[in-house]
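The sequence and structure are shown first.

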Amino acid sequence: MRLDATGKVSLDHIYTAPDPRTYFQELRPLGYCVPQLAKPYFEKLVKEYRETEGIAAPRVLDIGCSYGINAALLKYDLTMDELYARYDGTGPTTRAGLLARDQDLSRSRSPANGLRFTGLDASTGALAYAREAGFLDDTVHADLETYDPTPQQRARLAGTDLVISTGCIGYVTERTLVRVVRAQDGRLPWMAHFVLRMFPFDPVERALAGLGYRTITVDGVFRQRRFAGPQEQRRVLDGMAAAEVDARGLEEDGWLYAQLHLSTPRNR
């Protein structure tokens with residue numbers, strides 16, 4: 001088992017395949033479920049944004065979107081169980097076949113939510129699939145941790161109403177979020193980030209506060225996935241102990257857990 005610098009098992013390969021089969025087939029045994037748990041909270045945020053801002057079809061930026069999972073769940077009211085079954089290896093055996101089937105779904109199923117989704121990710125393969133399938137309306141392939149957005153990338157980021165993520169914070173930091181906000185020319189999009197408890201959110205909260213945000217942490221925790229094995233669990237628990245994060249009754253019992261942080265403009 002190869003662990004990354006954070007102590008988690010390295011799953012880089014599942015994000016760079018040309019279609020989502022590897023992603024779902026490797027995450028299913030681990031019980032990966034945080035997008036499903038996040039869905040009602042995102043829906044609530046969308047509803048509140050619509051009512052407050054009067055925008056019928058908000059533009060959502062999903063950071064670390066991979067194959068457009070959150071978009072598929074929110075736009076077409078799919079579930080994680082449906083997606084696991086969709087890519088379990090018993091259907092089409094080629095990317096072209098999978099893509100044609102997903103295009104049929106996105107064209108035939110009336111969107112459950114009038115949303116426009118832009119995906120930001122480092123994987124060109126995942127972005128291309130999600131865009132071609134119709135899950136994402138636009139994509140931004142960029143490393144905003146290291147570089148400012150190009151004029152073209154900035155244009156695609158501009159006009160964002162809501163920013164969401166389900167697990168990328170910790171690998172993505174406040175540097176990316178600040179660059180996203182600065183691409184809005186003074187507007188402050190609302191944000192909802194599900195962040196693993198092993199990663200501190202304080203630096204992100206401080207950076208967003210400097211831009212005019214207030215952040216609240218929603219009560220409770222959310223399962224992300226099971227540990228891939230004892231080695232991963234041991235490394236993560238060691239890191240949490242060093243950061244004085246209490247893992248009793250949670251990560252000690254075999255699952256990674258996330259918390260939800262909501263950031264909205266202070267003057268709202």
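**Packing of helix 9 and helix 10**

Helix 9 crosses helix 10 with a right-handed sense. The structure is a predicted model. Helix 9 spans residues 174–182 and helix 10 spans residues 202–211; their axes come within 9 Å and cross at roughly 20°. Angles under 35 degrees count as roughly parallel, and helix 9 and helix 10 are therefore roughly parallel to each other.

On the side of helix 9, the contact is formed by E174, L177, V178, V181 and R182, and on the side of helix 10 by P203, V204, A207, L208 and L211. By class, the residues of this contact between helix 9 and helix 10 comprise eight nonpolar, no polar and two charged.

**Packing of helix 3 and helix 4**

Helix 3 packs with helix 4 at an angle of about 50°, and their axes lie 10 Å apart. That angle makes helix 3 oblique to helix 4. The crossing of the two helices, helix 3 and helix 4, is right-handed.

Helix 3 contributes P35, Q36, K39, F42 and E43 to the contact, while helix 4 contributes I69, N70, L73 and L74. Five nonpolar, two polar and two charged residues make up the contact of helix 3 with helix 4.

**The largest pocket**

The volume of the largest pocket is about 880 Å³. Its lining consists of 35 residues, and those nearest the centre of the largest pocket are Y15, G64, D121, C168 and Y171. Two or more lining residues come from each of helix 1 (13–16), helix 2 (21–27), strand 1 (59–63), helix 4 (69–76), strand 2 (116–121) and strand 7 (222–226).

The lining of the largest pocket divides by class into 17 nonpolar, ten polar and eight charged residues.

**The second largest pocket**

The second largest pocket holds about 260 Å³ of space. Its lining is formed by Y41, K44, L45, E48, W190, R214, I216, V218, L260, L262, T264 and R268. At least two residues of this lining of the second largest pocket are supplied by each of helix 3 (34–53), strand 6 (213–217) and strand 8 (255–265).

Helix 3 gives the most to the lining of the second largest pocket, namely four residues. In terms of class, seven nonpolar, one polar and four charged residues line the second largest pocket.

Note on methods
Residues are numbered from 1 along each chain as its sequence is written. This is a predicted model: local features need pLDDT of at least 70, side-chain atom pairs count only at pLDDT 80 or more; totals for chains, interfaces and linings use all residues. Side-chain values use heavy atoms; hydrogens and water are left out. On a 1 Å grid over the protein atoms alone, a cavity is a set of points where a 1.4 Å probe fits but cannot get out, and a pocket is an open set with protein on both sides within 12 Å along at least five of seven lines; lining residues have an atom within 4 Å of a point. Grid points are joined across faces, edges and corners, and a volume is the space filled by probe spheres set on the points. Ala, Val, Leu, Ile, Met, Phe, Trp, Tyr, Cys and Pro count as nonpolar, Asp, Glu, Lys and Arg as charged, and the others, Gly among them, as polar. Axes are lines fitted to C-alpha atoms, for helices over the stretch in contact, and angles run from 0 to 180 degrees between N-to-C directions. Angles under 35 degrees count as roughly parallel, over 145 as roughly antiparallel, 65 to 115 as roughly perpendicular and the rest as oblique. A crossing is left-handed if the near helix is turned anticlockwise from the far one by less than a right angle, and right-handed if clockwise. Contact means heavy atoms within 4.5 Å.
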